[in-house]
Amino acid sequence: MFRRDVKSINDLLNMYLRREGLETPLLQRRAVDAWDKVVGAGVARYTGEKFIKNQTLFVKIQSPALRQDLTMMRSQLVKRINEAVGSMVIADVRIY
């Protein structure tokens, strides 16, 4: 007897994460981790604390000049981080 409703392990894992309410926190963690990759090693060196609250990624930058440059690039950063994660996780980036 064969089962005809065959699902991939990826689909089953996604269904489980969604059902248990773990999908959003996992995607948010991926977005925070994607910051260094998106901005590069030069900017990552000046990056401090990073966290997400209400679909906004808050990033502490230790250089005032770099903070100003990144503030002007907020919409591009949002787009690139969401592309890196593969889902619409954040709606804004706040540089402080």
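One aromatic pair is present in this structure, which is a predicted model. The rings of Phe-51 and Phe-58 have centres 5.0 Å apart and planes at 15°, so the pair is stacked. Three strands form an open sheet of mixed pairing, in the order E1-E2-E3. Helix H2 packs on that sheet, and H5 lies across E2 and E3.

**The aromatic pair**
- A pair of aromatic rings is described by the distance of the centres and the angle of the planes.
- Planes under 30 degrees apart count as stacked. The planes of Phe-51 and Phe-58 stand at 15°, so this pair falls in that class.
- Phe-51 is partly exposed, and its relative accessible area is 32%.
- Phe-58 is also partly exposed. Its relative accessible area is 23%.

**The sheet**
- Strands of a sheet pair through backbone hydrogen bonds, either parallel or antiparallel.
- The strand order is E1-E2-E3, and the sheet is open. E1 and E3 are the edge strands, each pairing on one side only.
- Direction ignored, neighbouring strands of this sheet are turned by 20° against each other on average.

**E1 with E2**
- Strand E1 covers residues 47-53, and strand E2 covers residues 56-61. They pair in the antiparallel sense over five bridges.
- Ile-52 has Leu-57 in E2 as its bridge partner.
- E1 and E2 form a hairpin, with two residues between them. Asn-54 sits in the turn and has a positive phi of about 55°.

**E2 with E3**
- E2 and E3 run parallel and are joined by four bridges.
- Thr-56 stands opposite Asp-92 in E3.
- Leu-57 stands opposite Val-93 in E3. Leu-57 is also the bridge partner of Ile-52.

**Helices on the sheet**
- Helix H2 spans residues 23-39 and touches E1, E2 and E3. Its direction makes about 155° with that of E1.
- H5 lies across E2 and E3. The helix runs at about 125° to E3.

**Gly-86 and its loop**
- Where does Gly-86 lie? Gly-86 is in the loop between helix H5 (74-85) and strand E3 (92-95).
- Is Gly-86 buried or exposed? Gly-86 counts as exposed, because its relative accessibility is 64% and the cut-off for exposed is over 50%.
- Gly-86 and Leu-27 are 59 residues apart along the chain. Their C-alpha atoms are separated by 8.8 Å.

Definitions and conventions. Residues numbered from 1 in each chain as written. Predicted model: local features only at pLDDT ≥ 70, side-chain atom pairs only at ≥ 80, totals over all residues. Heavy atoms only, no water. Phe/Tyr/Trp six-rings, centres within 6.5 Å; stacked < 30°, edge-to-face > 60°. Buried < 20%, exposed > 50% of the residue type's maximum accessible area, 1.4 Å probe, protein only. Pairing = 2+ DSSP bridges. Axes fitted to C-alpha atoms, helices over the stretch in contact; angles between N-to-C directions. Contact = heavy atoms within 4.5 Å.
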